[in-house]
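Student: I'd like a close look at one strand and what surrounds it, please.

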Amino acid sequence: MLVFKIYLAGFFAGQGFGQTTASDDEFAKRCAAFRPRIDNANFEFAEYLPSGKTADLKYRDATCGGPGASGKVAQDVCRVAMYLKTSVRSGVQFEAWLPKTWNQRFLATGNGGIGGCIGYGDLTYTTQHGFAAVGSNNGHNGSTGNSFYHNPAVVDDFAGNSLHTIAVIGKDVVKQFYSKPHSKSYYFGCSQGGRQGVGAAEKYAKDFDGIVAGSPALDFNNLISWRAHFFPITGPKASPDFIKPEVWTGLIHDEVMRQCDAIDGVRDGIIESPDLCKFDPTPLACKSGATANCLSTKQVDIVRRVLSPLTYDDGTVIYSAMNPGSEMRAIDRLYSGQPFTDSRDWFRYVIYSDPTWDPFKFSLKDAAASRDANPSNVKTFPDNLDTFKSNGGKMITYHGQQDQQITSLNTQRWYEHLMASTRSTPAQLDEYIRFFRISGMGHCAGGPGAWKIGQSSSASPFEPESNVLAAIVDWVEKGNAPESLMGSSAASAVDGPVFQRKHCKYPKRNVYRGAKRPDDAVVRSTNMGDWQCVGVEDGLIGL
Ligand SMILES: *[C@@H]1O[C@H](CO)[C@@H](O)[C@H](O)[C@H]1NC(C)=O
């Protein structure tokens, strides 16, 4: 016997949204038999994933990381895979994950790096909370940029066409599967995925009602150059003045913290506002005769250049400065003495179509070439989001303040740009875009701070106060715009026990107002009331 239950389960306490469930059997059969009718699509499979199962990642290119990246599904899901042709020479590997208990919301997920890897972790996470979620390989396979070579259509998919395609077709697939359309549509992504979210609001403003754009790879052409510029500065590992990882994480990081940690009012190993940190490496220079625990003159210069904005000779900013304090993680890639592969591939396969281009020779000429090329308008640094705004769209962007791969100062630069070019006050931007600075967070996740804000399934309760996905839903559907985001830290031997901290909405900044502590004591206050978000009205913007 088929059992259909319709019930109104409170998604947020006290308010219900329609949710449909069916028995396991009926759902599994409906899934197996499902054949979406979509033009220019090759149906691949429809697979029933019972709760607790880990998806077999048959489409995950070996360079995307091994199996297990999806995690176990937390509720029954119908997984549908298709290949969507976007042009004669390009197409998108597409998946829709359709949960049995559906909250009637549609959600598209994003990608990372310059890669073509489906965000299985996000599909698992968002279906767990009832969203019908879609994802794609963003038009090419694997984490490298080889497929861009002599194929502008693949770049076009990467720049935004892929996401738009899966938004349009995904909504149709959802409607066919559930026999009714979605109520609201969302986008959820970080890093390249953050750029995709801002890009959707800019170019396809009606695709989503709510967008979560984390640590966004904005001003992408210049980001490519910024990431390329570290290798010629640091030099390869074997070069005489190469700064070893332990010097970055020891001597230099300690000095950054000595100079900047207490600007927010307390020495706790977390820099709340890296924009206020004007780090000067000269105290680290070796005094005459000394060679240990200090930097050579050349190394001091390397540190200064690494932590300065990238500019043209006339001072025009190409990209904002690296986040001081991110040394622990930046040693893995940007300070590693090796080319940053995403940038290398972009220059080789997109900008120059020259697979022999040498990343060690990167110069400002290359930066200008990347800036000017802007293929498929991949840049993503919009002057306005007027259509998105007038359509009622809402966006939350967040950025870790110890991001080791995309400096958070660039997201701040974009926010200021948006203010200036739309002649808006922060209060006016608040109507449709809110930016949260997440202290002590690395690139999209991790770090010594209270960085868990629901950007993945890592145990943030699904509540608007502390979960960015729940927050965007609450804003779009009930008009409750977030004023702050409560983060939780991870427990670790290095970073200490779990604590929580409220993160402020830009341009407010987080200031410690608790009891004074001895200047040299590194203490994490667990008392919420010790922190306050302050702004111009408090006479405290800047220093
Ligand atoms: C990605 O892989 C699929 C399936 O193997 C293939 O059809 C498609 O052409 C590949 N995409 C690119 C851009 O190479």
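Which residue stands opposite Gly-210 in β9?

Tutor: Tyr-186 is the one facing Gly-210 in β9. Before we go on, this is a predicted model, where local features need pLDDT of at least 70, side-chain atom pairs count only at pLDDT 80 or more, and totals for chains, interfaces and linings use all residues. Residues are numbered from 1 along each chain as its sequence is written, and side-chain values use heavy atoms, with hydrogens and water left out.

Now the strand. β9 covers residues 210–214; helices (H or I, at least four residues) and strands (E, at least two) are DSSP runs numbered from the N terminus. Five of its five residues are buried, meaning under 20% relative accessible area with a 1.4 Å probe and protein chains only (over 50% is exposed, and in between is partly exposed). Gly-210, Val-212 and Gly-214 point one way, while Ile-211 and Ala-213 point the other.

β9 has two parallel partners to look at. Strand β8 (residues 184–190) is joined to β9 by five bridges, and two strands pair if DSSP finds at least two bridges between them. Strand β12 (residues 394–400) also runs parallel to β9, again over five bridges, and there Ile-211 sits opposite Met-395. Between β8 and β9 comes helix α4 (residues 192–203), and the three make a right-handed β-α-β unit: with the strands pointing away from you, the path from the first strand over the helix to the second runs clockwise.

In soluble globular proteins, nonpolar side chains tend to be buried together. Leaving aside neighbours within four places in sequence, Tyr-335 is in contact (heavy atoms within 4.5 Å) with residues including Phe-230, Trp-248 and Met-322.

Ser-273 is buried at 5% relative accessible area, and beyond its neighbours within four places in sequence it is in contact with Arg-437 and Arg-509.
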